[in-house]
Amino acid sequence: MNDILKKAKKNMLLKEKYLSKYAFKSKDGTWLKEDAEDIRPIFYRDIDRIIHSSGYARYIDKTQVYSFIQNDHITRRVLHVQLVSKIARTIGRSLKLNEDLIEAIALGHDIGHTPFGHKGESLLNSICEKEKIGYFCHNAQSVRILEDIEGLNISMQTLDGILAHNGEILKNKYEHNITKSKAEFERDLYNAFHEKDYSRKIIPITIEGSVVRLSDVIAYIGRDIEDAITLGIVERDEIPEYPRKIIGDNNSKIVDTLIKDVIINSFVKPYLSFSKDVFEALMELKDWNYEKIYNSEKANVNYDKIEKLCIRLYYFYLEKLSEVNVKEELKKNTITSSERILYHFVNKMMERPDENIKRVIIDYIAGQTDKFFLNECELYLE
């Protein structure tokens, strides 16, 4: 690297001189495998690799809450991760934390999400349990996609933050484990696939991971209410009185209140927290969202049909792959484009040692967009 590029690299790290003592510095970042020298700091490279990944591109057609609704203003997964990133960076900058690490975790945190959101996740988990191949959770699947399926070299701190993000769990104190080793990270990842609900127990290595974890909640709680109001599922005046009084009755107020409360209660501290009143109001609002929005008829439209299709598609792939030699099929000009995509994916994955064809099929379905899934069902299932 010539002198100018060395100076450029140094310039990219200048801001880290002013970070909090609790921030995770780029110089301490850990590659899981060797990487070439570059002017970009380690977490900045993570960001670039994530946004150029195929998994990131597929965010564009994945459900956030509502499937089968033709409305271009309803939140999709791609917008959600950008909102998480922006909220998390606002908190991170205010607390003098590492914004590059925060952005990398935020942009990658939902790459493992299935078609049809948490409903699809639940269906794939049920299949995994029935087939005795462990469990499925989207946060661990996000790591599997980036590290194993796409083969990207992403830092341990970013992958760990993605693994630990679990925005469905709300806490009034978010701690991290700075002493977590590579072996412990790999154990957490393994256990997330093999121990029921293990992913709910994982604590991130860095405080930046905690920032993304709580920002996930801040990003969806008010935005999902706005979408529900747009779709006529709830009215604004139905929002419970206590949350309305404490944190607001629209997304702008809710996001603003929660961000400021986190900053005030976490300033120069080795953990993140909400104030007592705000946390209680947020808990009540989250419970209300589940009752009135996530469990509503519109949010679960066609769920029974998707459940049947998901099970049938899984067993169709399993039977089809048991009848063919994938390597030989890829040599033929007569296979369809859909078959070629499937066979190429399976051929690549099964070259890895100790891979299970059943888990690979789960990977394949999990990576599909809503539209691709439905097209596959229309193509193969009568």
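I looked up Glu129 and found it partly exposed, because its relative accessible area is 34% (buried means under 20%, exposed over 50% and partly exposed in between, with a 1.4 Å probe and protein chains only). I note that this is a predicted model, in which local features need pLDDT of at least 70 and side-chain atom pairs count only at pLDDT 80 or more, while totals for chains, interfaces and linings use all residues. Residues are numbered from 1 along each chain as its sequence is written, and side-chain values use heavy atoms, with hydrogens and water left out.

I placed Glu129 in helix H6, residues 117-131 (helices are DSSP runs of H or I of at least four residues, numbered from the N terminus). Apart from neighbours within four places in sequence, Glu129 has contacts with Gly134, Tyr135 and Lys196, a contact being heavy atoms within 4.5 Å.

Next I checked helix H10, residues 207-230: its end C-alpha atoms lie 35 Å apart, which agrees with the 34 Å that its 24 residues should span at 1.5 Å a residue (the expected span is 1.5 Å times one less than the number of residues). Of the 24 residues in H10, 20 are buried, and just after H10 I found Gly232 with a positive phi of about 75 degrees.

Finally I searched for disulfides (pairs of cysteine sulfur atoms within 2.5 Å) and counted zero. Cys137 is in none, since the nearest cysteine sulfur, in Cys128, is 9.6 Å away. The sulfur of Cys310 is 8.0 Å from the closest one, in Cys377, and therefore too far for a bond. I recorded Cys137 as buried at 9% relative accessibility, and Cys310 as buried at 4%.

Definitions and conventions
Helix = DSSP H or I, 4+ residues; strand = E, 2+ residues; numbered from the N terminus.
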